[in-house]
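The stops below are to be selected in turn.

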Amino acid sequence: MSDRIVSWHSAPSKPAFTPPAGAVDAHCHVFGPMAEFPFSAKAKYLPEDAGPDMLFALRDHLGFSRNVIVQASCHGTDNAATVDAIAKSNGKARGVAVVDPDISAEDLAALHDAGIRGIRFNFLKRLVDNAPKDKFLEVAARLPEGWHVVIYFEADILEEMRPFIAAIPVPVVIDHMGRPDVRQGPDGADMQAFRALLDSRDDIWFKATCPERLDAKKEGGMGDPWDNFAAAVTPLVADYPDRVIWGTDWPHPNMQDEIADDGHIVDMIPRIAPTAELQQKLLVTNPMRLYWPEEL
Ligand SMILES: O=C(O)c1cc(C(=O)O)oc(=O)c1
């Protein structure tokens, strides 16, 4: 790999929607900076730097108070960039790590002290070389108290994921709703399968995230303003209001061909969560329960 890519908007607009006080952007990433935190030798994309200063400036610009920084696949299992960003946040960020399943108890404890509250299992073949379910279950069984597991998979493997998800001994958060085909609408096969998964355990949470991915023009979707996404996701948020969180997905890994305006992404919030009560749960209460429970 040679060329480094830019997948984020250089000057996102100010959203029309004002998030409630204390709002959490609960799915975002940092890339590098590479000179300090080199990318993994196994990275499937090589981005330009998108470090903590940029992330916190965006947080303030969009009207958010806190971030949950999810370890991006390009950093492999070295969480130094994520931990560095958390350390620079003045307590306004926590994170989700990607770990070698053989990680020691001491290293897990150190990640806890650094603000990590969960680990991510990524099943996307275009992002990772392998996803060993047996090893993942072993490490999920010995996480620090209060942690959860974040899982990223696509709708076509949801059925084969069911026994694995059922066996995870801590709460589970599903990235981007397991990437349903939102063009099918709220009652389409993908959403029905995802609802069945949510109904199988009351501690499966989800991120109502990524209109820019799930409704991308390049995927045959609507593109901004992502009307398929709004139509498919709004009933899901209404029906599961206590286990849904939200994030910008900045810096939008791999979206360099259809760069989204983060202000427009924020303006999706009142469409999928139309009442102040839902917005408070989506942006404050729910992410605080997962990431800052001691403050509730
Ligand atoms: O769909 C993706 O390309 C993607 C990649 C990553 C990552 O590289 O970690 O994270 C995401 O949330 C989404």
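Select P251, which is placed in the loop between β8 (244-245) and α9 (262-266); helices (H or I, at least four residues) and strands (E, at least two) are DSSP runs numbered from the N terminus. The peptide bond between W250 and P251 is cis, with omega about 0 degrees. The model is a predicted one, in which local features need pLDDT of at least 70, side-chain atom pairs count only at pLDDT 80 or more, and totals for chains, interfaces and linings use all residues. Residue numbers start from 1 along each chain as its sequence is written.

Next, select G32 and P33, where another cis peptide bond is found, with omega near 5 degrees. P33 belongs to the loop between β1 (24-28) and α1 (52-62).

Proceed to M177, in the loop between β6 (172-174) and α6 (189-200). Although M177 is not a glycine, its phi is positive, near 55 degrees. M177 is buried, because 24 other C-beta atoms lie within 10 Å; the term requires 20 or more other C-beta atoms within 10 Å of the residue's own, with C-beta atoms placed from the backbone.

Now select W226, in the loop between α7 (211-214) and α8 (227-239). W226, also a residue other than glycine, has a positive phi of about 55 degrees. Is W226 buried or exposed? W226 is buried, since it has 27 other C-beta atoms within 10 Å.

Finally, display the ligand together with the residues around it: A72, S73, C74, L127, D175, R213, D249, P253 and N254. A residue counts as near a molecule if its C-beta atom, placed from the backbone, lies within 6 Å of it.

Key
Buried ≥ 20, exposed ≤ 12 C-beta atoms within 10 Å, placed from the backbone.
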